[in-house]
Amino acid sequence: MALSLKLSYIELQNAKDVESVDFELNDAKYTIARSQERGDTFSKKFNTPLTLETESLSFTISRKKQRCPCLSPVDPEIVTIRLNDVRSKLNGQESLHEWNKVSIKLRFLPQTQPTDTAPSPGTTLSKKPEASMPTTEQRDVTRSPSAHDTVGSGGATVLPNMPAPGNREGLRPTTEELFEQCPRFRVLVVGKSGVGKSSLINRIFGVETAKVAAEHPGEADIEREITSPENNRLILHDSKGFEPGDGGNYETVKSFMEKRKKMPDIKDQLHAVWLCFQIPIPTFGERLLEDAAESFLRIRNDVLGNTLTIVVFTKHDRLVSFMRQKMPNDPGAVLRHLQEDCIQPIQEFTGDKNIAHVAVSSKLKHEYGLEELIRLTQEKVSESFTSPENEVSAVPLAAAGAQRMLPTLKVDLSIGVGKQRYWRALGSSANFQGYTMRDCLHVIHTDIVLVWNFYDPCQYLDSEYFRNLMMNMVDKVDATTESTHQPSRSGTLEGGVPLIALAPVMVPLNASIALGKWVSATYQRLQGVHKKFMAHIVDLTHVLEILFSLTAGMTAKKLTRTAIKLAYKAYNGSQWMNLTHTDIRSFECSRTARDVVLDKITSMISSDGREARVSRAIASIRESMPSVDLEKDEEWVDQEGPQ
């Protein structure tokens, strides 16, 4: 019996006349993005490989519009490839096809390796043949990508922004199996038109295409799954709320919730419900609750059961503005009104003094309570869905990934995912026996990046070039203190370590990236291996923290190499990096009952003052490059000379 095929990557070349490409498999549709480097290439990597379950797969290919207006528009063309044809043309892990001179490449996971299960912590994985240690002080050199190609880890020529090769054999990312259980955070937002649902969703989840019913109350369809290509960790359900004289929606919401509660798969259940009510303004004749809403709240336990529910009082800014005009000398007026006219009525109708609630404003420059809502949701989701035996469960991971406001949650979940498997016993891990350091760091890198969930359709953070940049930074841990620290602007000292300017260090990204021989060494043969892991994990986390804050204003905008390079340069060679590496160099790992390496990594990532350091890094970027365009996607390298 033929083994099932698991699709991990698609690439279309010579598609210069193509406008867009959509891909359909197993009744699911995916958009194949155009390469930012090569206008005739479309590609997509599937972090969770797709199993071919149907007899065929298909592409919908739309041609570019004709320049001559006299010509009729060309309808999209459907290209179908049958499974038997895929197998017959399978050469190793790739199956190549051609349509109208367009080359279609399908890449699959190795069929000899099972991918539907993953080893539990402490389980020894099947080993690769040990790579021999380099006999000379040679370095693996990856030359910078030209306009045409670059050299991958195995010496093979790949496209400049082609994602790095899939994680090696049994080193399956922890996030992969968690996202298989629950790929998206599913939230139901209930609220009548005009209450502010759209701005709330768009701000918290960093999207612009979440279509919430704002124009007409009757347009919302609670059954429809609203998703956005800008955030693949979110599924939104929208209810029009409880309008005056409308008792029908009460039954609709009740029926929907009861149906979702009975679904066997956790990914299909409701993970949270936000009940949105606009804060009524005194003397405006506004009501907090309509009759149907009151009825719903009275029996909410029967309808919702144990589904996480948070009452969200919206448009807090309106109340603040009103109170400042009417009661300028009463600083407690806003809180008193919230308590007496919002919180207490909700508690009375529900009979629950502890019902979760938060007041928010999504208005630009008047934001209020949004971070509290995110924290409260994450806290309640973790309580409801985290099993005792796991550091992280699937639903809290999806929820933390979906939100685009709190980097601390990303950091916390990265630590939790790491503790679940690959960060444990880094000096003597059974997970890594027989693998090269490149392989080991590859899977750790993948897990961290996936938790952060940047809008990165071109997969720059997963590219071989960015991975090599981060591994190159690890080399600095082996350097002496004297050689790595540079004079600062002020020449002052902090903790005995010379300060350096935090302005972006202009690393010549067009130069060759020389990777140390340790990258190709097998895990168990490398001395001080735990320090390599520590540096890579902590450095990558800090770079992503800077990148997250740097791009905070780019709502629903694609991540660019310009932004990544600035974040990398702001950290590379900075005081922050030097202090981190000094701490790692001086760290002594003794054999104790505790996993001291894991504890040290956790303390370094979660250290006090981290937010202040990120703020200084961002300030240095703004100071040195005040007019930089973060949406401009420049090359990884400057082809004309050093930067």
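Start by selecting Y455, which sits in the loop between α12 and α13. (Helices here are DSSP runs of H or I with at least four residues, strands are runs of E with at least two, and both are numbered from the N terminus.) Before you click on, note that this is a predicted model, so local features need pLDDT of at least 70 and side-chain atom pairs count only at pLDDT 80 or more, while totals for chains, interfaces and linings use all residues. Residues are numbered from 1 along each chain as its sequence is written, and side-chain values use heavy atoms, with hydrogens and water left out.

**Stop 1: around Y455**

Y455 counts as buried, at 16% relative accessibility. (Buried means under 20% relative accessible area, exposed means over 50%, and partly exposed is in between, using a 1.4 Å probe and protein chains only.) Now show what surrounds Y455: leaving aside neighbours within four places in sequence, it is in contact with P229, E230, R404, A556, K557, K558 and L559.

**Stop 2**

Y460 lies between α12 (437-452) and α13 (464-474), W636 in the segment after α19 (610-624), and the two are 176 residues apart. (Rings of Phe, Tyr and Trp, the last by its six-membered ring, pair if their centres lie within 6.5 Å; planes under 30 degrees apart are stacked, over 60 edge-to-face, and the rest tilted.) Both residues are buried.

The structure holds 15 aromatic pairs. For another look at rings, select F23, Y30, F46 and F59, which ring pairs link into a cluster.

**Stop 3: a charge over a ring**

Next, F179 and R233. R233 lies over the face of F179, at 3.5 Å from the ring centre. (A charge sits over a ring if NZ of Lys or CZ of Arg is within 6 Å of the ring centre and within 35 degrees of the ring normal.)

**Stop 4: two helices crossing**

Show α3 (residues 197-205) and α9 (residues 370-385): their axes come within 11 Å and cross at roughly 75 degrees. (Axes are lines fitted to C-alpha atoms, for helices over the stretch in contact, and angles run from 0 to 180 degrees between N-to-C directions.) That makes α3 roughly perpendicular to α9. (Under 35 degrees is roughly parallel, over 145 roughly antiparallel, 65 to 115 roughly perpendicular, and the rest oblique.)

T377 is buried, with a relative accessible area of 5%. Not counting residues up to four places away in sequence, T377 touches F185, A272, W274, L308 and I310.

**Stop 5: L338**

Move to helix α8 (residues 333-350) and find L338. L338 is buried, with a relative accessible area of 7%. Beyond its neighbours within four places in sequence, L338 is in contact with I279, H316, L319, I343 and A359. A359 is 21 residues along the chain from L338, with 8.2 Å between the C-alpha atoms.

**Zooming out**

Show the whole chain: there are 19 helices and 21 strands. Of its 643 residues, 52% count as buried.

Definitions and conventions. Contact = heavy atoms within 4.5 Å.
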